[in-house]
Amino acid sequence: MENLKLNFMDLDNVISNDVWKESLNENQKYLEHIIENLHELKNKNEAKEDIGWLNIDEWSNNQILNKITDRANYVQQTSDLFVLIGVGGSNQAARSVIDSLGVRKNGIEVVYAGNNLSSHYIQKILQYCENRSVHINVIAKNFETLEPGLSFRVFREFLYKKYGEEAKNRITVTGTKGSLLEELAIEYGYYFLDFPDNIGGRFTALSEVGLFPMAVAGLDIQSMITGAKQLQKELESSNIENIAFQYAVYRNELLKKGFAIEGLAFFEPQLYYFSKWWVQLFAESEGKEGKGIFPVSLNYTEDLHSVGQYVQEGQRFLFETFIHIQDKQQDLTIKKDMLNDRFDYLDNKSLNAVNDIAFQATLAAHSNDGIPCNRIILPELNEFYYGQLFYFFEFSVYVSGLILGVNPFNQPGVENYKQIMFKGLERSF
Ligand code: PA5
């Protein structure tokens with residue numbers, strides 16, 4: 001299968017040829033630095049801080065994949081509902097693929113908790129669990145985050161009430177070695193999966209964190225790794241043609257021109273949760289020290305009937321990255337109808353073709369009006385290309401953060417409200 005592609009619309013209308021070339025050459029040093037890091041990881045297999053995700057070979061290791069698959073098989077055989085308890089990087093990647101591709105083969109249904117503090121929401125999930133055979137997976141890097149900590153308590157109580165001592169076999173915890181979660185797993189007999197300590201939450205899509213819930217849903221995690229690995233081969237070049245590098249340079253050049261908002265636009269709602277993953281990745285990696293591009297999700301065509309007005313005619317500070325899926329596979333033909341509803345121009349048309357015309361029209365209307373547009377082109381949407389999407393954007397945000405002059409791997413700003421909140425909650429440490 002071929003790799004995903006990047007295509008800029010009328011690039012020279014937005015960034016002059018000279019500036020583009022100069023910027024590519026000037027920033028090439030960052031790409032070289034990343035490739036060097038990748039080679040070091042490959043050769044020494046070192047647990048270099050923050051960038052463990054960069055070397056996919058690590059995650060294609062059979063031992064890890066077998067462990068994930070064995071545990072997923074056990075969960076599938078002993079339960080029919082899986083509650084993923086985690087927030088941010090600890091749930092978004094798995095949720096995006098499971099929601100998009102659905103439950104497959106022997107997979108079981110997945111629901112989500114630990115991602116909010118809503119009593120209404122948590123009680124709804126508890127009720128849903130009532131007549132089902134439940135397994136829970138709490139995922140947390142340090143196990144200090146309030147939402148998953150709170151939900152783990154509530155769902156633990158639920159499980160012990162429902163199953164007694166057998167409850168412990170229905171709990172999988174994903175945490176870093178040496179963390180409190182590991183201690184609890186040892187003490188109470190919960191199954192433990194490794195949250196790699198050299199990877200930050202939002203970069204964990206292709207590790208145990210993201211892959212285990214996907215495997216429980218019956219998705220082909222091997223194919224996801226194969227896709228990412230194939231793209232890694234292409235991106236492993238410090239040539240300025242490197243597409244993840246070009247995307248990063250392009251974004252930073254646009255930012256210099258005042259384009260401070262990037263919309264990830266898509267015409268398949270099945271990409272909605274993926275766009276939430278993308279928003280987190282870019283917002284937490286770049287938005288610091290008064291810098292960065294603000295990422296937003298544009299769920300077209302629905303959002304064309306809301307923010308579409310602003311995009312077309314509002315202030316010129318937004319650019320768009322469209323995800324274009326070439327072969328949508330499932331299609332529907334719109335049948336001729338006897339009723340005179342004045343939609344007969346749709347007779348016998350394919351719904352995919354209609355959606356595609358709407359996509360091409362939006363792209364033309366926006367780029368004709370001075371909105372910088374680019375496309376990420378995927379031959380189809382499946383596990384293989386999700387692997388590529390995760391790796392492409394993680395690689396890009398790494399380059400982009402270096403160009404911007406920030407550390408893409410921390411998120412100090414999320415602590416401020418927590419300090420005030422913990423005071424309110426009378427937490428004493
Ligand atoms: O990217 C990150 O590191 C964060 O967004 C985390 O994923 C998020 O805060 C959840 O953290 P934890 O897994 O420790 O609960």
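The model is predicted.

Helix α4 covers residues 92–101, and helix α8 covers residues 208–216. Their axes lie 8 Å apart and meet at an angle of about 30°. Angles under 35 degrees count as roughly parallel. The two helices, α4 and α8, are therefore roughly parallel to each other. Their crossing is right-handed. On the α4 side, the contact is made by A93, A94, V97 and I98. On the α8 side, G210, P213 and M214 take part. By class, the contact of α4 with α8 holds 6 nonpolar residues, 1 polar residue and no charged ones.

The second pair is formed by helix α10 (residues 243–256) and helix α14 (residues 383–404). Here the angle is about 45°, and the axes are 8 Å apart. That angle makes α10 oblique to α14. The crossing of α10 and α14 is right-handed. From α10, the contact draws on I243, A244, F245, Y247, A248, V249, R251, N252 and L255. These meet F392, F393, F395, S396, V399, S400, I403 and L404 of α14. The contact of α10 with α14 has 13 nonpolar, 3 polar and 1 charged residues.

The serine, S285, belongs to helix α11, which spans residues 272–286. Buried means under 20% relative accessible area. S285 has 0% relative accessibility, so it counts as buried. Its side chain reaches the backbone oxygen of L281 at 2.5 Å. Neighbours within four places in sequence aside, S285 is in contact with R202, F203, Q280, V397, V406, N407 and P408.

Key: Residues numbered from 1 in each chain as written. Predicted model: local features only at pLDDT ≥ 70, side-chain atom pairs only at ≥ 80, totals over all residues. Heavy atoms only, no water. Axes fitted to C-alpha atoms, helices over the stretch in contact; angles between N-to-C directions. Helix = DSSP H or I, 4+ residues; strand = E, 2+ residues; numbered from the N terminus. Parallel < 35°, antiparallel > 145°, perpendicular 65-115°, else oblique. Left-handed = near helix turned anticlockwise from the far one by under 90°. Contact = heavy atoms within 4.5 Å. Nonpolar A, V, L, I, M, F, W, Y, C, P; charged D, E, K, R; others polar. Buried < 20%, exposed > 50% of the residue type's maximum accessible area, 1.4 Å probe, protein only. Polar contact = N/O pair within 3.5 Å; in protein donor to acceptor, adjacent residues only side chain to side chain.
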